[in-house]
Amino acid sequence: MAAARLVEGLVARGLGPQTTVLAEEQHAPYNRILLSAVLEGTHRPGALALREKQWYADRGVDLRLNSLVVDIHRDTKTVELADRTTVPYDAVVLATGAIPTLPPIRGVVRMDGSLDPRVQAFRSLDDCARLLDTLHDHPRSAVIVGGGLLGLQVARALAVRGIETEIVEGRDHLLSSQVDASAGKVLKRSMAKLGTQVYLGARATRLTDEGLKLDNGYTLETDLVVLTAGGRPRANLARRAELTVNRGIVVDDQLRSVDDPDVYAIGDCAEHDGNVTGFVSPAWEQAGVLADVLAGDEAAYQGHRVVARLRATDLDVCVLGSPEDEAGEVVEIANPIKGTHRKLVVRDGRIVAGALVGDLSRVGLITQAFDRQTVLGEHEAGQLLLPEPSKSPRPELPDDAEVCACAGVSAGRIRACRSLEDVRETTRATTGCGGCAPTVRQLLATRPSGSQLSATQLSLEGTT
Ligand SMILES: Cc1cc2nc3c(=O)[nH]c(=O)nc-3n(C[C@H](O)[C@H](O)[C@H](O)COP(=O)(O)OP(=O)(O)OC[C@H]3O[C@@H](n4cnc5c(N)ncnc54)[C@H](O)[C@@H]3O)c2cc1C
């Protein structure tokens, strides 16, 4: 996803014909966030492409699919592919993403090194296709190992398809890297409504003929185990090329490797200022900065405050910064009966982090205050967390309020567009997690008169 965004930036700067994309997968870059929608059956796999193959060709970009890079030869400035061919470069950008973590469960990997046929991963379109194939065998139940974002998405998608699902999570609550225990409880309740059983503080230790054994003594009888226990930056190429890798490939403010001025890294594989990310919004922001840098303009990535919208149908979650790590005063409102939990961490009157679960009706204003580091009055943080009174008109978002966190698009830029298609094409808003789509539609519908959209334009929901 980072590479696709970078290419858009390079094309906009007239650098398309100098750009080659070497991609291991057989599909043109696609929206990984919507994989669970394919699993759920609401989106076709083809609808996930961020740009069609022809789009690259029309702009002179050499997109080579099924092209796994195995080595970077920094001395000769070439990269080597699995078929031993080489490609020369002036600058090489690593946007290799993340690799799923294989939890230490005995029996998952067989003696010959292959995975037990009951075990599936979930990170790519091919993983998704394999998982869908196994559903044709009508599994009785599925166990999802890992109760983070991916685990919730997979559990939800399989439950909607009528498969009995169970989640095993080693920590004491769901989505523990992003939200606190009370919000985790709300999520657990939402999963229970779908019929999903959640085992917390439990580790899967062994896969046997009887099923998946947990360290709490339970054995979960299952014929499908989906591994969603997190991932780590895919940095093997960088290591082989003797570039500095801590958790990710270490880069400076220009996203340049600290060891080689002609090697760059962006997205999930990169580590900037000690941080690796794992969300689309920082990946796309880095891609934007790097497009400027490669075009010879002054630009710097400063580790923008991350706003991550986590997509899973009926599980609305937005995380601002790192609510579990930031120090400050906590303002929170929870309604476990309704399935909502909203929390802001406030320091010196400013929102420094937050987590919203189940109700994102005020997300625009909250994100704006977080982004701008607005100093709030003593009642304001609490008021921002109150649900929007249904009868009062929505406060109008100012032109500079950020609406799409993934692509960094403001309300003013949306208002300047003629249609949803125009928004997607010119700003790329709604093409990431899709969480901004309702606000975008509302902004388009309430543009000043004379610029109202037709009913057909408003019903164009695209793939989000
Ligand atoms: C199921 C799922 C749901 C997600 N949901 C959300 C969400 O709701 N919100 C959010 O913000 N983020 C979400 N994410 C995370 C988001 O998708 C990533 O942050 C984003 O894709 C990062 O982009 P990237 O380009 O760094 O990596 P990727 O999109 O993973 O792309 C990396 C690409 O590099 C290729 N590659 C790797 N090594 C090589 C090589 N040696 N040669 C050639 N090609 C190579 C890989 O095959 C892959 O296609 C989700 C991720 C997954 C898997």
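Student: Among contacts in the chain between residues at least 6 apart in sequence, what share joins residues at least 24 apart?

Tutor: It's 60%, where a contact means heavy atoms within 4.5 Å. Keep in mind that this is a predicted model: local features need pLDDT of at least 70 and side-chain atom pairs count only at pLDDT 80 or more, while totals for chains, interfaces and linings use all residues. Residues are numbered from 1 along each chain as its sequence is written, and side-chain values use heavy atoms, with hydrogens and water left out.

Student: What makes the chain as compact as a globular protein of that length?

Tutor: First, the parts list: 14 helices and 26 strands, which are DSSP runs numbered from the N terminus (helices are H or I, at least four residues; strands are E, at least two). The radius of gyration is 23 Å, close to the 23 Å from the globule rule for 464 residues, so the chain is as compact as a globular protein of that length. That radius is taken over C-alpha atoms, and the rule is 2.2 Å times the number of residues to the power 0.38. Along the principal axes, the C-alpha trace spans about 65 × 60 × 45 Å.

Student: Why is the pair of Trp55 and Tyr56 called edge-to-face?

Tutor: The structure holds 2 aromatic pairs, and Trp55 with Tyr56 is one of them: 5.2 Å centre to centre, with 85° between the planes. Rings of Phe, Tyr and Trp (its six-membered ring) pair if their centres lie within 6.5 Å; planes under 30 degrees apart count as stacked, over 60 as edge-to-face and the rest as tilted. At 5.2 Å they pair, and 85° is over 60, so edge-to-face is the label.

Student: And what makes Tyr199 and Tyr218 an aromatic pair that is edge-to-face?

Tutor: Their centres are 5.5 Å apart and their planes sit at 65°, so they pass the distance test and the angle is over 60. Tyr199 lies in strand E11 (residues 197–200) and Tyr218 in the loop between strands E13 (212–214) and E14 (219–220), so the pair ties together parts 19 residues apart in sequence.

Student: How do you know whether Tyr199 is buried or exposed?

Tutor: Buried means under 20% relative accessible area, exposed over 50%, and partly exposed in between (1.4 Å probe, protein chains only). Tyr199 has 12%, so it is buried. Tyr218 has 46%, so it is partly exposed.

Student: Why does Arg5 count as lying over the face of Trp284?

Tutor: A charge sits over a ring if NZ of Lys or CZ of Arg is within 6 Å of the ring centre and within 35 degrees of the ring normal. Arg5 lies over the face of Trp284 at 5.3 Å from the ring centre, so the distance is inside that limit.

Student: Why is helix H9 said to be largely enclosed by the rest of the structure?

Tutor: Because 8 of its 10 residues (363–372) are buried. Among them are Val363, Ile366 and Phe370. The cover includes E20, E21, E23, strand E24 (350–357), helix H10 (380–385) and strand E25 (402–404).

Student: What makes both faces of strand E20 covered?

Tutor: On one side, Val307 and Arg309 are buried; on the other, Ala308 and Leu310 are buried.

Student: How do you know that E20 and strand E21 pair?

Tutor: Two strands pair if DSSP finds at least two bridges between them. E20 and E21 (residues 317–320) have 4 bridges, in the antiparallel sense, so they qualify. Arg309 has Cys318 as its bridge partner in E21. Strands E22 (residues 329–335) and E23 (residues 340–347) are antiparallel too, over 7 bridges, with Val331 opposite Leu344.
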